[in-house]
Amino acid sequence: MVKVTINKSILELIEGDITEQETDAIVNAANSSLLGGGGVDGAIHRAGGTKILEECRKLGGCPTGEARITTGGNLKAKYVIHTVGPVYSGGKKREAELLANAYKNSLSLASQFKLKRVAFPSISTGAYGYPLDDAATVALKTAINYLKTHTDVELVRFVLFGQKAYQAYDRALQELVK
Ligand code: ADP
């Protein structure tokens with residue numbers, strides 16, 4: 001586990017499963033239909049139960065880079081923030097900007113709902129194919145910048161699934177805070 005202080009808040013990296021987090025919200029790497037999928041999306045809907053999907057159905061989808069909020073259903077987290085990262089196709093399709101927007105808009109929703117502790121997975125780095133090291137830098141830069149400019153969110157935790165993802169985020173963070 002790595003923990004750094006940014007302004008008055010904490011940025012944390014852990015290796016683990018996002019569905020088990022006790023933060024106020026967990027973030028889902030959803031697809032634009034918001035109707036469920038594989039990877040972390042499937043895991044969240046399995047663990048959280050049908051209430052989440054019921055609310056998702058009413059939202060009518062979510063464009064890439066934006067975010068929506070639902071109940072956390074049976075999860076320990078009270079809310080799920082669903083965001084849609086970009087599908088990676090070479091890096092010249094504004095993927096970095098869209099990935100940063102996904103993090104930024106998720107954090108803005110947390111602020112709007114007065115949620116102090118938010119856990120993120122590594123958005124876009126599974127089925128959507130975003131290279132892990134580059135995604136880690138974008139994710140961490142965006143979170144750091146948000147925490148520098150907003151004191152209401154007190155904890156941002158990245159929950160990395162497996163050692164490879166954890167190590168990529170760890171390296172990227174060392175690079176950004178040195
Ligand atoms: P995307 O479509 O945005 O790429 P994926 O769910 O395919 O989303 O993958 C995003 C990341 O989430 C990957 O790094 C994957 O290893 C990770 N992941 C999968 N299951 C979990 C889980 N239960 N908790 C945290 N991260 C997970």
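A crossing of two helices is left-handed if the near helix is turned anticlockwise from the far one by less than a right angle, and right-handed if clockwise. This is a predicted model, in which local features need pLDDT of at least 70, side-chain atom pairs count only at pLDDT 80 or more, and totals for chains, interfaces and linings use all residues. Residues are numbered from 1 along each chain as its sequence is written, and side-chain values use heavy atoms, with hydrogens and water left out.

**Exercise 1.** Describe how helix 3 passes helix 4.

Step 1: Helices are DSSP runs (H or I, at least four residues), numbered from the N terminus. Helix 3 covers residues 95-112, and its axis comes within 9 Å of that of helix 4, crossing at roughly 35°. Axes here are lines fitted to C-alpha atoms over the stretch in contact, with angles from 0 to 180 degrees between N-to-C directions.

Step 2: The crossing is right-handed.

Step 3: Contact means heavy atoms within 4.5 Å. Among the residues that meet are Leu99 and Tyr103 in helix 3, and Val138 and Tyr146 in helix 4.

**Exercise 2.** At what angle do helix 1 and helix 2 pack?

Step 1: Helix 1 (residues 39-48) and helix 2 (residues 50-59) make an angle of about 120°, and their axes lie 6 Å apart.

Step 2: Ile44, His45 and Gly48 of helix 1 meet Thr50, Ile52, Leu53 and Cys56 of helix 2.

**Exercise 3.** List the partners of Phe120, leaving aside neighbours within four places in sequence.

Solution: Phe120 touches Ile18, Val27, Tyr103, Ser106, Leu107, Val156, Arg157, Phe158 and Val159.

Conventions. Helices (H or I, at least four residues) and strands (E, at least two) are DSSP runs, numbered from the N terminus.
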